Amino acid sequence: MSEAAAPLRPFILAGMHRSGTSFAASLLQASGVAMGERLYAADRGNVKGHFEDLDFVDVHRAALVGNGLDETGWSDRWPIEVPADVAERARTLVQSKAAAREQHGAGECIRKDPRTTLFLEFWLGLMPGARFILMYREPWEVADSLFRRATDRTGAPLRSLDR
């Protein structure tokens, strides 16, 4: 297989909320990496944008809810199994995104959502050639940033620190 015909390998960007994933995604997007067609909009919690493909976010939310967990992903449970119907939805999503990129001659793409950290092995199984970018920030700095941002009304970040 020639290099020009080599299949594109997506990036999977994962890290805790407020760990720098949006900043890293913004740099990748500025360099020409595709983020998705339907992105999580900027809001007061992240005024420059989240850079999250909502199709993938929806898969994560469905997997969490399918396990009786909060869709935000605040959980100390691991591993989290992906229900069969959600796994099939994810397979279809990966195939359709790859086909669309190929049809339009699109370049590299990235999949980013903080919930991704809960499903890394699952995504690697669906996208074996994927390249991972894993962000790390000290947990207390993450917690401080979450509280300063003050967009979570559920108290989940505080409960997660009590584990």
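I take a polar contact as a pair of N or O atoms within 3.5 Å; within protein, one must be able to donate a hydrogen and the other to accept it, and residues adjacent in sequence count only if both atoms are side-chain atoms.

**Ground rules.** The model is predicted, so I note that local features need pLDDT of at least 70 and side-chain atom pairs count only at pLDDT 80 or more, while totals for chains, interfaces and linings use all residues. Residues are numbered from 1 along each chain as its sequence is written, and side-chain values use heavy atoms, with hydrogens and water left out.

**Asp 113.** I looked up its polar partner. The side chains of Asp 113 and His 60 make a polar contact at 2.6 Å. Asp 113 sits in the loop between β2 (110-112) and α4 (120-126). I number helices (H or I, at least four residues) and strands (E, at least two) as DSSP runs from the N terminus. Is Asp 113 buried or exposed? Asp 113 is buried, at 1% relative accessible area. Buried means under 20%, exposed over 50%, and partly exposed in between (1.4 Å probe, protein chains only). Beyond its neighbours within four places in sequence, Asp 113 is in contact with Leu 13, Glu 52, Val 57 and His 60. Contact means heavy atoms within 4.5 Å.

**Lys 97.** Next I checked a lysine. Lys 97 is in helix α3 (residues 84-103). Lys 97 is buried too, with 9% relative accessibility. Its side chain has a polar contact of 2.6 Å with that of Glu 37. Not counting residues up to four places away in sequence, Lys 97 touches Glu 37, Asp 53, Asp 55, Phe 56 and Arg 111.

**Sheet.** I then traced the strands. The open sheet has 3 strands in the order β2-β1-β3, with parallel pairing. Its edge strands are β2 and β3 (131-134), each pairing on one side only. The twist averages 20° from one strand to the next. β1 (residues 11-14) pairs with β2 in the parallel sense over 3 bridges. I count strands as paired if DSSP finds at least two bridges between them. Ile 12 stands opposite Arg 111 in β2.

**Cores.** A nonpolar core is a set of buried Ala, Val, Leu, Ile, Met, Phe, Trp, Tyr and Cys residues joined through side-chain atoms within 4.5 Å. The largest has 20 residues; Phe 119 and Trp 123 are among those that touch the most other members. Two or more residues come from each of α2 (54-66), α3 and α4. α3 gives the most, with 5 residues. Apart from this core lies another of 9 residues, including Leu 13 and Ile 110.

Technical notes: Axes are lines fitted to C-alpha atoms, for helices over the stretch in contact, and angles run from 0 to 180 degrees between N-to-C directions.
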